[in-house]
Amino acid sequence: MTPLRSKLVPILVAIALVGLSAAGLRLSKVPEEANFEVVNGVFGNPVKINNGEVTVSQVKVGTVLKQFGEIKDRTDGVFVAITMTGAATGPKPLEMAAARLLSGDVRYEGYQLSAGVTAQPGFQTTVDSVFEVDPAQMDDLTLELGSNEILHGYQQRVRISLGLRPASAEQWRAAARGVLEPATSSTRAIP
Amino acid sequence: MLWTDLRILIVDTGRVWWRLLPMIMGVYLLGWLGSELTLRVAVIAGDLSPWLALVLFAFNFVCVLAAAIVILSLAGRELGIRELLPADEREIDDRDTSLSRLVAITLLPFLAMYAAFGQVAEAANRLVTQQWVRYGFLSDQQTVLGALYDLATRHLAWLVALLAGIYLLRRLLDFVAERTGLRILDLLAVLVESFFMLLVIVGGIRVLQTFHAWMEGRALMQWLAEIKAAVAGFLAIFAIDLPEILTRVASFFSEQVWPVLVDVVAQPMLWLAVAALVFGSRVLSLAELWRKGQPYAARIPGATAFARYREKKAFRRLGLPPRGIRLAAARFQEAFFGDIDDKYLPALHALRLVFRAGPLFLGSYIFVYTLVIIAQNYIDRGVNWLLGGHEAMFWVRWEPVFALLQDALTEPIRLCLLAVAFRRCLELFAQRAAAQAEQVARPVTTPVARRALADAEARS
């Protein structure tokens with residue numbers, strides 16, 4: 001082995017080991033924004049989570065948003081209202097206040113500040129959560145619900161697909177040309 | 001050679017860990033218990049005063065770091081690191097005979113490492129979290145964070161004066177400890193230093209934020225923005241989108257290069273350098289001489305890089321000692337450099353030494369060290385997978401237990417690895433020194449070399 005090669009080879013091997021270490025370390029770490037447990041649910045069926053269960057029962061679309069009898073907003077995109085019910089079946093309140101819609105890598109936050117659902121023990125609350133989405137990027141829309149925590153650990157997040165497959169997305173876009181009036185929230189005791 | 005290094009690092013670490021398991025686990029658990037107790041006491045003491053909580057919390061680091069130092073020392077003894085020294089070089093250092101002395105003189109560099117890699121900030125966050133849980137987010141009770149925020153934003157001069165006062169107090173304690181030889185003063189100095197670092201890290205962030213907000217309102221920032229826009233406008237002529245390029249370069253550096261440099265390269269290297277301090281300055285000095293191929297030399301105090309600043313000054317000083325103002329200046333310089341000498345210089349010299357162990361060894365060491373950290377990450381993921389998602393309060397309540405589970409399995413292994421890696425460094429230096437000595441002593445045998453020697457002799 002020439003003197004140059006005898007010096008170069010150990011350096012290259014060391015660099016390769018450092019590269020390997022870096023790759024291994026990166027793979028072993030879960031990014032903070034992805035560090036949660038996904039609980040998959042089905043549209044129309046209740047999904048059990050820590051302090052209760054959540055059900056998504058209806059999806060409505062429109063381009064004009066009407067609230068309390070007045071036109072509140074218009075969009076070039078699509079307003080999507082999702083009817084969801086949260087029931088606090090356990091001894092603690094159900095807190096699923098953070099809601100967003102996912103479509104591939106795109107995330108849509110709620111139109112209002114608190115888009116999710118909360119309920120006190122023994123009660124269930126039904127709300128219509130509104131999202132404004134891009135009609136070109138609404139394939140396979142999935143609702144993600146989690147809790148809004150100042151201190152946070154490894155939490156549960158519910159994901160429910162709204163059934164907007166690429167084949168049916170065009171129908172939804174066509175159906176969106178109208179007024180959308182979300183219902184006001186209602187709370188009642190769990191039957 | 002690569003396999004030799006990897007095999008030694010993995011097998012010997014496993015062996016030392018297994019042989020010392022009951023002992024190191026006992027020490028580790030004691031350290032953990034002490035740290036958790038001080039955290040709980042500090043949180044309760046916060047009811048009386050946030051400052052009292054911060055002072056008591058300083059004990060937390062002493063518990064954790066003292067346990068780490070003792071484990072390293074035990075592993076070093078098991079590996080016979082001191083026995084690698086030739087008999088006539090094996091001078092007894094007081095850190096070998098007294099555990100309290102060892103802890104007292106090595107805690108400061110360890111604490112500096114903890115601070116550098118964000119572990120002090122992480123511990124401070126735990127204290128803040130526990131206080132939030134105790135008082136609630138909207139409580140009137142002043143927390144540590146609130147008290148420091150108040151001091152940093154409204155009474156900045158007081159904060160600076162407090163920091164200067166604490167620094168002077170620590171130097172005074174160092175001075176008295178050196179004069180009297182009282183070890184309790186060394187430990188007290190470490191406590192004061194822990195408090196100082198907590199204050200700098202938690203309070204310093206607020207000062208930086210205040211300074212940043214103040215800077216944002218200055219005309220200078222507007223000028224800089226205009227210069228940036230002008231340069232970007234000029235480069236746009238050549239179809240170069242400067243802001244976009246700068247953003248991409250910055251994000252590549254911060255997201256790809258920097259984490260690799262800090263987590264993969266700097267952390268293992270610096271920890272090895274700091275761990276080396278536990279094994280004694282005599283070991284380090286000799287390792288340096290081995291590295292240079294001078295195994296038996298320089299026994300004069302102050303001759304090696306690992307000597308104290310004062311000894312080095314005495315070694316280099318020529319003529320009469322200074323008087324008057326010069327004497328005062330020399331004393332001040334000594335006090336200031338003495339602090340750096342205690343905290344950072346030995347670790348920096350040890351780092352310089354470790355770097356000379358060769359790329360193959362360093363690559364192997366980094367690889368094995370990272371394997372331990374990867375194992376730690378997977379234990380964390382395993383705990384999450386096993387328990388599933390829960391509310392934040394669940395994790396706050398059980399965090400000490402899960403952290404113990406994660407760290408008790410990997411931290412002693414990491415410490416054993418540091419000891420094994422340092423012993424391997426010493427072996428490599430000794431081998432190289434022996435090879436160099438042999439090369440010098442060997443007669444010239446090859447025809448080319450014989451001819452060159454004959455030519456040189458003829459010329460002379």
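B:Ile373 is part of helix α15 of chain B, which covers residues 359–387. In this predicted model, B:Ile373 has 20 C-beta neighbours inside 10 Å and therefore counts as buried, the cut-off being 20 or more.

On the α10(B) side, the residues involved are B:Val264, B:Val265 and B:Pro268, and they meet B:Tyr365, B:Ile366, B:Tyr369 and B:Thr370 of α15(B). Sorted by class, this contact has six nonpolar residues, one polar residue and no charged ones.

Helix α10(B) has another partner to look at, helix α4 of chain B, which spans residues 99–116. The axes of α4(B) and α10(B) lie 9 Å apart, and the helices pack at an angle of about 170°. The two are therefore roughly antiparallel to each other, since angles over 145 degrees are counted that way. From α4(B), the residues B:Leu102, B:Thr106, B:Pro109, B:Phe110 and B:Met113 take part, and from α10(B) they meet B:Leu270, B:Trp271, B:Val274, B:Leu277 and B:Val278. Nine nonpolar residues and one polar residue make up this contact, with no charged residues.

A further residue of α10(B), the helix of residues 242–278, is B:Val257. B:Val257 counts as exposed because it has 12 C-beta neighbours inside 10 Å, and the limit for that class is 12 or fewer. B:Val257 can also be placed relative to B:Leu162: the two are 95 residues apart in sequence, and 37 Å lie between their C-alpha atoms.

An α-helix has 3.6 residues a turn, so residues three or four places apart point the same way.

Stepping back to the whole of chain B, the chain has 17 helices and zero strands. Of its 460 residues, 32% are buried. Among the contacts in chain B with a separation of 6 or more, 80% are between residues 24 or more positions apart.

Chain B also has a partner chain. Contact between the two involves 26 residues of chain A and 31 residues of chain B. On the side of chain A that touches chain B, at least two residues each come from α1 (3–28), β1 (36–41) and β11 (155–161). The largest share, 12 residues, is supplied by α1(A). By class, this side of chain A has 14 nonpolar, nine polar and three charged residues. The domain assignment of chain A gives domain 1 (1–30) and domain 2 (34–189), and the C-alpha centres of these two domains are 48 Å apart.

Definitions and conventions: Residues are numbered from 1 along each chain as its sequence is written. Chains are lettered from A and ligands numbered from 1 in the order in which they are written. This is a predicted model: local features need pLDDT of at least 70, side-chain atom pairs count only at pLDDT 80 or more; totals for chains, interfaces and linings use all residues. Two residues are in contact if their C-beta atoms, placed from the backbone, lie within 7 Å. Helices (H or I, at least four residues) and strands (E, at least two) are DSSP runs, numbered from the N terminus. Ala, Val, Leu, Ile, Met, Phe, Trp, Tyr, Cys and Pro count as nonpolar, Asp, Glu, Lys and Arg as charged, and the others, Gly among them, as polar. Domain bounds come from an automatic or database domain assignment. Axes are lines fitted to C-alpha atoms, for helices over the stretch in contact, and angles run from 0 to 180 degrees between N-to-C directions. Angles under 35 degrees count as roughly parallel, over 145 as roughly antiparallel, 65 to 115 as roughly perpendicular and the rest as oblique.
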